[in-house]
Amino acid sequence: MLLQRNFWVVVLWIIGVVVIGANLYTVEGLPHRILLDTDVDTDDLFALLYLLKQNRSEFEVEAVTINVNAWTDAGHSVNQIYDILYMMGRDDIAVGVGGDGGILEDGTILPNVGGYLPLIDQGITTVGYCRYRQAIPIGQGGRLDIDANFGIRKAFLPQGERMYTPLWQSTAQQVMIDKISAGPITVFIIGAHTNFAIFLMNNPHLKKNIKHIYVMGGGVRSKNPTGCCPQNASSSCTPQQCGDHGNLFTDYTSNPYAEFNVFGDPFAAYQVFHSGIPITLVPLDATNTILINENFFNTFEQNLNTYEAQYIFQSLKIARDTWFDDQFYTSYFMWDSFTSGVATSIMRNSHKHNGENEFAEMEYMNITVVTSNKPYGVYDGSNPLFDGREVPKFNLKKGGVHSGHVQTGLRDPFCIVKNGKGKCQDGYTAEVTGPEAVRVLVATKAKPNQNLDSPLDREFYRSFLDAVNAPHHKGRFNFTTQFPYYKEVLYKPDFGSKKLGKPVVFDMDMSAGDFLALLYLLKVPVEVINLKAIIVSPTGWANAATIDIIYDLLHMMGRDDIPVGLGDVFAMNQSDPSFSAVGDCKYIKAIPHGSGGLIDSDTLYGLARDLPRSPRRYTAENSVKYGAPRNTDHPELRQPLALEVWESVVETLDPGSKITILTNGPLTNLAKIIQTKKNTTSFIQDVYIVGGHISHGHRDEGNVFTVPSNKYAEFNMFLDPLAAKTVFDSKLNITLIPLGIQRRVGSLPRILEWLQETKRTPEAKFARRLLSRLYHLHQEHFLYSHMDIFTGEILGAVALVGDLKPTLQVKRVKVLAEGVESKDGHTVIDEKDGKLVKILKHVNPAAYYDLFANRLGNMKQSAVIGSFDEQKRLWSTPPK
């Protein structure tokens, strides 16, 4: 009897060990709760989808917070996350992004700091410099492609009900506090560490709920395999990143040690690593050993059984097809998805020792994150945590590891070594000994596939493909299969025998006012105005991927015939001379990232998704004809550039015709037109420029409210002063609509009153919704106190059409572009050296409001499809 009883004790003990081991770090057998902090780069999407495909009884993704100072922009990234979760049937997952809190001079961290800036540069607003982020390309191959996911995002992902809405969107800090307060949780960080570092610094009492942190980033003993000379290369071949610890392909001449995620905010990463919470690191050491190689790619192509697998593969394919050289299969790695695999395998096998898992070899190392460069304690103006302070910010130690030179930018002279690689180590995850050392579990190498007969030579390849193709927790539909009667339609007008009016090209920076001006131009009879093209300046109030909103608005108005060209992503002389894909943010830094700034412009204040969805969109598709290394599958879908569209308009002009240009943003595109070798300025009849500020009186200052030292500039001139100077030094016939006259007609309540009385066309309804939102935001929150600057931007369109009877005066004007922040963008009267310019001096505000409202309410040239809701009804109803 005793023997039998002992037998059952042993059996129960064994069962208990198995159960407890299988559920270590869980509560009473509940699944591992996961919070994913991501910068929404392409490979981050793969990691998220891999996690969503795991068994929910083991792993439950509870929240996604978005890091917005790295590879994507807040408005675009948050809506992409919402759409992925909608596709996957996971609208229950909380999503947090941004926030408008700041950090005071004494180091006090206010609630809801948005993470738009690295901690070292975070002030009390969302305005600031791009110290580290300037290492990331802005246009193609960079943030533009990631924001749009190469154009696939809009073509593939279904659109649900969740979206960014101003003042209603949960912030990253709110979501972190809510989810971590609820109980034990595991945090995955696969972007810069800003969000989580702010959380830890402001909520030390909640650290106890964080069971473990898994980090993708850094390079410890890594040796970069890219940028090496082939074995048979000639002696003229110069190695680039070959053998570096880091992967900053844009900045290895200054910093060969850092990896992008940690470099995005080294001081934040230091806080995370030194938090005392257990950390597992999957650095470049390991990810460099798991490439997207040709065998994996080809096997994946044959296994696309779910929508999520299709979305991932299409993303990989366009990344491959647009890769800058022929080394994609030796340069693109499974960074974040591999991290998700290693992390879940460790968690699943948590009863085993030393992080044993299926996919990676592991080793404990003593690590720190380098935040400044030796010698320490020498204050040279590069380090705002110490420079000019009696007491260092955050009570840091004088002369300590944070007190050295901090890299100031891509070509920081301190970092450059003549005829050698850079010496700056900001963001380096270095092995150290002594008090700075943190014991970290580190993945060192991807494990080989145990099936030696498989073409896939890594064990994780099989797991990844199995997971994303598995039938459980699979995506429900994509954008087209979401609707049973989906049909792609382009709307192009038939003008028949109508005699078209004067040719016009509209140059816009995609502010809210620009879209209202565009609606007005589209409503003017084509016999008066022939809108030939739109060219876009992404150097102003919106990021480049926001061009999709233009396509959607044109689609609503039945004008899919109008070409849209994308201009340079940098103001003049701001791109890096040795690597033009990256550059400085000297002027664009004046635009807030948060509320009232880029996040709102990029989403049209939360209303962009109400517009009907156009088949046209930005895509990364490209062609050898235009300098690409290869043709993609659909080169005909390539996004044309502004100058290409301009030249096309010139070539198709009727004999004797000339073009009128309306500019509503920085003058970058117009300056480029002037500087082209082809003499196309002779085809320009008139230029209407919305911008500039003539009066410099004490009570009549400019509107660059984020740059206190510059009292008299207007944004459109300030954002690219050299371009403005180029235009005002030219021989063009200019009519200026300056800030003063815009202010006189910028009353939000009055324009809303007039719209209330007009007929309810779809375009009038949309304009009223947008203006109402601007007005209510203006009333509710001080961060929206500048909303009335956008209503004045409509004036240029009204003046160009000739509907008003304005008072004009002629003055000699020039724009200052001296490289001095306090003076750049000033528009001054100079009777000696200025250019003769017509200046709009006076208009009747009531007549202006009446013209705008009645034009939009006119039933002629009205919308052909009023909204996305109308499209959904159409695509859900059998055709008659």
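I started with the second largest cavity, where H3 gives the largest share of the lining, 4 residues. This is a predicted model, where local features need pLDDT of at least 70, side-chain atom pairs count only at pLDDT 80 or more, and totals for chains, interfaces and linings use all residues. Residues are numbered from 1 along each chain as its sequence is written, and side-chain values use heavy atoms, with hydrogens and water left out.

A cavity is a set of points, on a 1 Å grid over the protein atoms alone, where a 1.4 Å probe fits but cannot get out; lining residues have an atom within 4 Å of a point. Points are joined across faces, edges and corners, and volume is the space filled by probe spheres set on them. Helices are DSSP runs (H or I, at least four residues), numbered from the N terminus.

Back to that second cavity: I have its volume at about 310 Å³. I counted 20 lining residues, with Arg153, Lys154, Asp548, Asp552 and Arg609 nearest its centre. Helices H3 (74–87), H5 (152–156) and H16 (547–556) each supply at least two lining residues. By class I get 6 nonpolar, 5 polar and 9 charged (nonpolar is Ala, Val, Leu, Ile, Met, Phe, Trp, Tyr, Cys and Pro; charged is Asp, Glu, Lys and Arg; polar is the others, Gly among them).

Then I checked the largest cavity, at about 470 Å³. Of its 39 lining residues, Ile138, Arg143, Cys585, Ile588 and His593 are the closest to the centre. Helix H4 (143–147) brings the largest share of that lining, 3 residues. I noted 21 nonpolar, 10 polar and 8 charged residues there.

Definitions and conventions:
On a 1 Å grid over the protein atoms alone, a cavity is a set of points where a 1.4 Å probe fits but cannot get out, and a pocket is an open set with protein on both sides within 12 Å along at least five of seven lines; lining residues have an atom within 4 Å of a point.
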